[in-house]
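Thanks for coming, everyone. Let's take a walk through one protein chain. Please have a look at the screen.

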Amino acid sequence: MSQENGQGSVVPEVVAPLETFDAWLPCPKKRLVLFDIDGTLIRCGRQVGPMFLESMQTVFGSRGDWRGYSFSGKTDPQIVVELLERAGHDRDQVLGRLDEIRELYLPRIERELDPDQMELLPGVMPLLEELQQQPDTHLGLVTGNWERGGRAKLAAFGLNRFFDFGGFGEDGPARADLPPAAIERAVAKAGRSFAAEEVLVVGDTANDVGCAHAHGIQCLAVTTGFVKAEVLRAAGADWIVSSLDHLGMDA
Ligand SMILES: [Mg+2]
């Protein structure tokens, strides 16, 4: 699921630089960088929403009450539960059939996602390539997508090779549940622990900021999604940048 709200394309505004990645990229303390997907690494256009809502329709006979609903930074299971609760469905009943929706949606997005409607956001590829080469630096995901859905999106641009692990919608439904899941997998892979000050979350919504700060982790926010800088600033983002383009390249 993308965080799009059907507002169409948004030109990232130029944000007065708080600091750039220079502030942390060479910093030996940041050893685990956890990226959101939608609005941060890529954009999917408007194609994902219908696939998601139609899967709900098939199982529950309802798309839920989605008008005016903000998908921004929410996990896939959270979206299902909230939309159907708004339409009067019982929460426990929805949770009990969540897997049915997931099993319809995942094969569909894997089969039907059209890369021509998608966008790799500026600076993402060079940044990931640079971070991957940094010694003792580990890259992971923190995304509300169910894992196969998120990986289908990343596959359109060959980005899965950067991410062996992450926290996903299966670890939710609250986004704050995701960073600990990602960190636990990072520890298993790296064979070392990560203190909160060694971790950075990169995301595009106030929920990304919130899920990081819930665990004492800093958040770099980007305005390449649909959330304005002032909202991210009000949420307490530690850094705000208009895109990942060129960040860290001169570090
Ligand atoms: Mg996002």
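Start with one term: a residue is buried if 20 or more other C-beta atoms, placed from the backbone, lie within 10 Å of its own; with 12 or fewer it is exposed, and in between partly exposed. By that count, buried residues make up 46% of the 251 residues in the chain. Keep in mind that this is a predicted model: local features need pLDDT of at least 70, side-chain atom pairs count only at pLDDT 80 or more, and totals for chains, interfaces and linings use all residues. Numbering starts from 1 along each chain as its sequence is written.

What does the secondary structure come to? Nine helices and eight strands. Helices are DSSP runs of H or I with at least four residues, strands are runs of E with at least two, and both are numbered from the N terminus.

Six strands form an open, parallel sheet, in the order 5-4-1-6-7-8. Strands pair if DSSP finds at least two bridges between them. The edges are strand 5 (166-167) and strand 8 (239-241), each pairing on one side only.

Look at strand 4, residues 138-142. It pairs with strand 5 in the parallel sense over two bridges. Leu 141 stands opposite Gly 166, and Val 142 has Gly 167 as its bridge partner. Strand 1 is joined to strand 4 by four bridges, also parallel. There, Leu 34 partners Gly 140.

Is strand 4 buried or exposed? Five of its five residues are buried, so it is largely enclosed by the rest of the structure. His 138, Gly 140 and Val 142 are buried on one side, Leu 139 and Leu 141 on the other.

On to helix 8, residues 206-213. Six of its eight residues are buried, so helix 8 too is largely enclosed. Those six are Ala 206, Asn 207, Asp 208, Val 209, Cys 211 and Ala 212. Their cover includes strand 4, helix 7, strand 6, strand 7 and helix 9.

Last, a helix pair. Helix 1 (48-60) and helix 4 (98-112) pack at about 145 degrees, axes 9 Å apart. Axes are lines fitted to C-alpha atoms over the stretch in contact, and angles run from 0 to 180 degrees between N-to-C directions. Contact means C-beta atoms, placed from the backbone, within 7 Å. Among the contact residues are Met 51 and Phe 52 of helix 1, and Leu 104 and Tyr 105 of helix 4.

Definitions and conventions. Contact = placed C-beta atoms within 7 Å.
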